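Open your viewer and get ready to select a few residues and strands. We will walk from one stop to the next.

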Amino acid sequence: MRRASGLRSLRNRQKTKNLRNASIEECRIYAYYLYEICSYKLDNYPDEEDGDDYLYALFDFFESLANKMGKEKEILNYLTKIINQYKNNKILKEIPVNENTNSDLLYFTNSGTPYSFEEDKTIDRMRTCTHEKLSFIEINLRRIQYVSDSVEFLLSLIANFLINKTPAEEACLLEKIPPQLKRSLNSIGKFEFVKKEVGLTDEEISMLQCCYRFSTNKTLSFLMDNFSENCQMEIKARILGFSERQFSALMRNDSKLRLYGFITEEGRIDDDFFECIEAGSMHPFFYDLLKKLDCDSCYNLESFNVPDNTKKLMSRMLKSNESLSFLLYGKPGSGKTEFAKALAKQSGLKTYIFKNIREVSREREITANIFSRLNCLLSMSSSDSIYIIDEADTVLNTCDSSFFGTKVPSKIKGTVNSMLEESRNKVIWIVNFTSQIDESTLRRFTYSYKFDSMPRSQLRSITETKLKPLALPCGLNNQILDLMEQYKVTGASVDNVIKTIKSLGEEKASLVQDIKSVLKENALLINGKSRMRERVSGNYDLSVLNASMEPSQIVRMIQNATDFAEKSGGTGDAQNGIRMLFYGVSGTGKTEFARYIAQALGKPILLRRVSDILSKWVGESEQNIRDAFDEAARTNSILLFDEADSFFANRENASYSWERTQVNEFLTQMEEFPGILICTTNLKQIMDPAMNRRFHIITEFKPLVEEGIRALLGRYFGGMTFEDSQIRRLSGMNSVTPGDFGVLASRVRFMDSDERTPDYIISELCKIQDEKHNEGSGRQIGFGAA
C-alpha cells in the first residue's frame, strides 16, 4: 500500500465537493464506500500500521457523515458506553484529578478536551495533524483504535449507524446491502443524459457514478490515494459488485468509458467530462471543437468539376436515413473542403465543421483528448446533421513506416476502424494524402472521391461567384477572370485575390497588376514556379520541325482518332486511347510540339517529370504513376511525361526489384489509359522492348535542316539578312535545334542595336553548337524558351 503526501494537496484539488448539499441517501452511499475501503484494508493489510493522515481522514469523514445524517448523538452515546466499559475493565487507566497539575498536559493539543486517561498522553503525542482540532467523537474513536490497535470497530459503527436505517442494539458488521441502498447505488441519477445520448450500459453508468464520487469527494479521494492503483481498482470492483473480469473490461483502452475520454487510465473522471455532468448534457464536451456552418454563403455543387453522377450519388446518400462516411482526398487546394460544404448545402441538413485538431490541442494531446471526443461525437446519433472532419490526416493515421521503409499498422488502427464502423452519423472526412491510411481503414469508407488540381474552368467559376458581390466593372471583372486562368493556383488563391481587392478600396488604378503579383507569388509558393506554360510561344512555327513523321499529319491523325471515339461513343474507353513517343536530342521541339497538340485540340495538358514521380519510399513511385494517369483521365487532359527515360529502362538490365515494378506499373497504366499520352525521351535506345510495342505513334525529332533554320532566323531576328552560305554553315553542323534560337534571342535583347548583326547571330549560334559537341550532350532547353 502506498502513502499519500498529506491532506494539504488534497484540499487544493479542483472540482471537489463536501457533504453540505448531499442528501441523506447520498450520505448512505458515501458511508458504504467508506465501509468497503476500511474492509478492504483490514482484509488485505491487517498488520500494516495506519498513518495519522489516514486515520484523521477516516475518522473525520465518518463524523461528517454522522453529523449530516443527524446520528452524532447516537454515535457519541454509543462511544461513551464503550469507553466506560474500557474504564471499568481497567483497559483505560483514568487519571486522578490531583495529578492534573501541568496545564500543558491537561488538554489535547489545539482542543478544549482534557486528558481523562493515561493513554490520552500517548494518543495525543501520536498525532501528526496537530493543526486540526479534535472533536469529542474523534477523541473516543482514537481511544478505541489505540486500545484495539485496529479500525475494525469502525466497520460496525458505519454499518450500524450510517448504513442500516434501524440500528441494532449491538453494533455488527454489514452482512448484506439493504434493499434501499442497493436501489440508490444502481440509480442512474444525474447520469441519465449520458445513457440517453451516448447509449451506455447500466454497468458503464454504475462505473461512471463510482468514479465521479471518488473524483468529487476530496476525503474519499485521499483515502483511495493511500492504495496502489491495482488496489484502488479492486476496491471499486467490490463497491460495484463486479467481478475482476467485468471491471477490467470496463477499464480497457477500447472500452467506451476510456475511448470516449470519460475516465482516465487511473479511473478518475476526465476534466472535460466534469462540465457535462454538471450541465446534464454532452454539449460542453464539444463546444470548443465544433463550429456550425452557415451554408447559405457556400458554393453550389454546379461550381465543381466533379462528374454529375458522382455529385448526384453523394447527394442522394446524404439525404437517406443511413449513417455513412465519405472520404474526399487529393492535392491541397483542390477544392475538397468547399465541395464538402456544397454537398452539405445541397442536403439541407445542419452542418458542423470539426475544427482542425491543431487549433484546439497541443501535439501530445491529439490522440488522447481530441481523438476521444471525436469518437464520442460520432457514437451519438444526429440524423439531422452532417459533420465535416477537415485536415483529418492525423486522426486517420492508421499506417506508419517502419525503419526499413515498409508500411506497418499504427497503434490507433483498431480504434479508428472501430470508430468508422460504429459511427451513427453522416461524416465527410477530408485528407490530402492516403499513404498514411491502412488498407483496412480505407475499406470502411462508404464512398470516396479523389481531387486533383483544380481545373481552370472550376477556378474561373469560383472566382466569378466570389467577384459578384464586389460589383466591379465588367471589363475589370473579365481581366481578373482571365488572369486566374494564366496561373497554376488553388481555390485558396481566389480568397487572396478577393482580400487584395477589398484591401485596396478605391485604389483601382493598378488593381490588375496587383492581382497579377498576388497570383504569381501564390503560384510560386505552391508549385515552386509562378506558372506552367501550356501554350506554345508566339514564334512557334510547326513547319520548321524536322521529324520522321510530318507534325501536321500527326495532329490530323490524333484529331481523326478523337472524332471517331466521340462518334462511336467510345470516349473513356481504354481501347480508344492514343499513345505517342517523341524521341530525339534535346531542344528539337518534342515538348513544345506536345503543347501545340493540346492547344490545337483545346485540351489542358498535364506535365509530369521524373522529379514529380520518383520517391524514396517503397511503392510510392508506383502510386505517383497511377495518380498521374488517374488525374489526366478525370480532367480529360493530355498526359505528358517529359524526359521519361527512367520509366522505359529495359527490365533485363534492372539491378533492383523496384526498377522492374516501376516499368511494369507504367506499362499497365498505359494500356488502361483512355486519353492521349505523350512521352518524350532523349534516350530511346535504353527503352524496354515492351514499351515500343505499346506506342501507336513513334516519331523522331532531329536537328533542323536549312529551311527550318532560315524560317526561324526570320522569325527571331526579322529585319536582318542572312546569306545562304551562313545558313549552310549552320546546317552543316547537324545539331541546330529550335531551342537554340530562343536562347540566343533572350540574350541579344540586352545588346545595342548596332551590335546585333547577322554575322554576330551566326557566330553565336555556331558557338552554341560547338558547346554541344564539346560537352557531349545537348542543353536541356525547351523550344521557344524565353
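This is a predicted model: local features need pLDDT of at least 70, side-chain atom pairs count only at pLDDT 80 or more; totals for chains, interfaces and linings use all residues.

**Stop 1**

Now show strand 2 (residues 324–330) together with strand 8; they pair in the parallel sense over five bridges. Helices (H or I, at least four residues) and strands (E, at least two) are DSSP runs, numbered from the N terminus, and two strands pair if DSSP finds at least two bridges between them. Widen the view to six strands, which form an open sheet of mixed pairing in the order 1-3-4-7-2-8. Strand 1 (290–293) and strand 8 (447–451) are at the edges with a single partner strand each, so one side of each has no neighbour in the sheet.

Helix 18 lies across strand 1, strand 2, strand 3 (350–354), strand 4 (385–389), strand 7 (426–431) and strand 8, where contact means heavy atoms within 4.5 Å.

**Stop 2: Lys450**

Return to strand 8 and pick Lys450. Is Lys450 buried or exposed? Its relative accessibility is 12%, so Lys450 counts as buried (under 20% relative accessible area is buried, over 50% exposed, partly exposed in between, with a 1.4 Å probe and protein chains only). Leaving aside neighbours within four places in sequence, Lys450 is in contact with Tyr329, Asp627 and Arg634.

**Stop 3: aromatic rings**

Select Phe629 and Phe673. Their ring centres are 5.4 Å apart and their planes at 75°, so the pair is edge-to-face (rings of Phe, Tyr and Trp, using its six-membered ring, pair if their centres lie within 6.5 Å; planes under 30 degrees apart count as stacked, over 60 as edge-to-face and the rest as tilted). This pair links distant parts of the chain, 44 residues apart: Phe629 is in helix 30 (residues 620–635), and Phe673 is in the loop between helix 32 (657–672) and strand 13 (676–681). Phe629 is buried at 2% relative accessible area, and Phe673 is buried at 3%.

Finally, colour Tyr260, Phe262, Phe273, Phe285 and Phe286, which form one aromatic cluster.

Conventions:
Residues are numbered from 1 along each chain as its sequence is written. Side-chain values use heavy atoms; hydrogens and water are left out. Axes are lines fitted to C-alpha atoms, for helices over the stretch in contact, and angles run from 0 to 180 degrees between N-to-C directions.
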